[in-house]
Amino acid sequence: MEGAEAVAVSREAEGGLRLAGSSGSISDAAFTEVARGAFGVLARAAGITEDGVLGSEALSGVSKADAKALYSALCTYIVEAVRAESSAEAVGTGLVDLGLSAARAKTVVSLYRDARARLADLLADTGVSLGKVVDVEWRLDYQVQSSGVGKTHKPQYFIKLKTATPTGELKDVEFTATLQQLQDMLTRLKEASGAVEGMVGVDDGGSSSGG
């Protein structure tokens with residue numbers, strides 16, 4: 001079922017798209033070139049590459065930094081729209097809300113309609129081998145080590161991650177870790193969680209409204 005709400009992307013991607021709202025920075029012709037290129041690269045169209053898009057003559061009046069920011073933002077926006085099964089109308093509404101003109105939003109919407117099925121197939125193929133963690137098992141053991149002052153018992157954790165593939169096949173991923181290694185892993189997972197929350201606009205404190 002197609003989504004009706006605007007596409008959620010990171011603040012960095014939003015910044016790149018807002019840049020496109022300024023015709024003084026990026027001309028209509030340059031925007032169209034980048035948009036077509038972004039869809040072409042994502043759809044793996046023959047002969048279309050990121051370097052080719054960013055090196056196009058149509059972008060001769062655009063700084064490399066601005067061109068790259070717009071290209072990356074459009075790619076992110078397109079992928080998230082396809083992933084969320086967003087409607088073409090939702091895609092257009094989201095772009096206009098970010099400051100793009102109706103004409104530029106219409107350009108992206110038209111390209112999105114043409115490429116959506118192809119991109120959805122590619123996303124499905126890309127993720128076919130990726131599993132999901134469905135359960136975690138662990139146990140604490142002590143490793144005996146000899147030292148100059150006698151024997152010491154060093155704690156060691158045995159971790160088993162149970163994963164399931166999209167086809168339902170269950171697999172186990174096992175490893176050992178020290179307490180410090182587990183703490184480092186937890187820190188990185190929290191960083192990843194924070195990045196995802198930032199991408200969808202969720203604050204750690206809950207609602208973003210004042211009060």
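This is a predicted model: local features need pLDDT of at least 70, side-chain atom pairs count only at pLDDT 80 or more; totals for chains, interfaces and linings use all residues.
Leaving aside its neighbours within four places in sequence, which residues is Cys75 in contact with? The two are Ala38 and Leu42.

## The overall fold

The protein has seven helices and three strands. Their order along the sequence is α-α-α-α-α-α-β-β-β-α.

The chain counts 211 residues, and 29% of them are buried. Consider the contacts between residues at least 6 apart in sequence. Of these, 60% join residues at least 24 apart.

## Cys75 and its surroundings

Cys75 sits in helix 4. Its relative accessibility is 12%, so Cys75 counts as buried. Its contacts Ala38 and Leu42 both take part in the contact that helix 2 makes with helix 4.

Gly37 is another residue to look at here. From Cys75 to Gly37 is 38 residues in sequence, yet 9.5 Å in space, C-alpha to C-alpha. Gly37 is one of the buried residues of helix 2.

## Helix 2 against helix 4

Two packed helices are described by the angle between their axes and the distance between the axes. Helix 2 covers residues 28-42, and helix 4 covers residues 64-83. Their axes come within 9 Å and cross at roughly 50 degrees. That angle makes helix 2 oblique to helix 4. The crossing is right-handed.

Which residues make the contact? Helix 2 supplies Phe31, Val34, Ala35, Gly37, Ala38, Phe39, Val41 and Leu42. Helix 4 supplies Leu70, Tyr71, Leu74, Cys75, Ile78 and Val79. By class, 13 of these residues are nonpolar, one is polar and none is charged.

## Helix 2 on its own

Helix 2 has 15 residues. From its first C-alpha to its last it reaches 21 Å, close to the 21 Å expected at 1.5 Å a residue.

Its buried residues are Ala30, Phe31, Thr32, Val34, Ala35, Gly37, Ala38, Phe39 and Gly40. An α-helix has 3.6 residues a turn, so residues three or four places apart point the same way. Phe31, Val34, Ala35 and Ala38 are among the buried residues. Phe31, Val34, Ala35 and Ala38 also belong to the contact with helix 4.

## Helix 1 against helix 4

Helix 4 also meets helix 1, which covers residues 11-19. The axes of helix 1 and helix 4 come within 8 Å and cross at roughly 120 degrees. Helix 1 and helix 4 are therefore oblique to each other. Is their crossing left-handed or right-handed? It is left-handed.

In helix 1, the contact is made by Ala13, Gly16, Leu17 and Leu19. In helix 4, it is made by Asp66, Ala69, Leu70, Ala73, Leu74, Thr76 and Tyr77. This contact has eight nonpolar, two polar and one charged residues. Leu70 and Leu74 of helix 4 take part here, and Leu70 and Leu74 also take part in the contact with helix 2.

Ser10 lies in the segment before helix 1. With a relative accessible area of 18%, Ser10 is buried. Ser10 and Ala195 are 185 residues apart along the chain, but their C-alpha atoms are separated by 8.5 Å.

## Helix 5

Helix 5 spans residues 88-97. Its buried residues include Ala88, Ala90, Val91, Gly92, Gly94 and Leu95. Gly94 is buried, with a relative accessible area of 5%. Between Gly94 and Tyr77 lie 9.5 Å, C-alpha to C-alpha, and the two are 17 residues apart in sequence. After helix 5 comes Gly99, whose phi is positive, near 105 degrees.

## Positive phi in the loops

Most residues other than glycine have a negative phi. Which residues go the other way? Arg44 is one, with phi near 60 degrees. Arg44 follows helix 2 and lies in the loop between helix 2 and helix 3. Its relative accessible area is 57%, so Arg44 is exposed.

Glu85 is another, with a positive phi near 55 degrees. Glu85 is found in the loop between helix 4 and helix 5. At 45% relative accessibility, Glu85 counts as partly exposed.

Notes:
Residues are numbered from 1 along each chain as its sequence is written. Side-chain values use heavy atoms; hydrogens and water are left out. Axes are lines fitted to C-alpha atoms, for helices over the stretch in contact, and angles run from 0 to 180 degrees between N-to-C directions. Helices (H or I, at least four residues) and strands (E, at least two) are DSSP runs, numbered from the N terminus. Angles under 35 degrees count as roughly parallel, over 145 as roughly antiparallel, 65 to 115 as roughly perpendicular and the rest as oblique. A crossing is left-handed if the near helix is turned anticlockwise from the far one by less than a right angle, and right-handed if clockwise. Contact means heavy atoms within 4.5 Å. Ala, Val, Leu, Ile, Met, Phe, Trp, Tyr, Cys and Pro count as nonpolar, Asp, Glu, Lys and Arg as charged, and the others, Gly among them, as polar. The expected span of a helix is 1.5 Å times one less than its number of residues. Buried means under 20% relative accessible area, exposed over 50%, partly exposed in between (1.4 Å probe, protein chains only).
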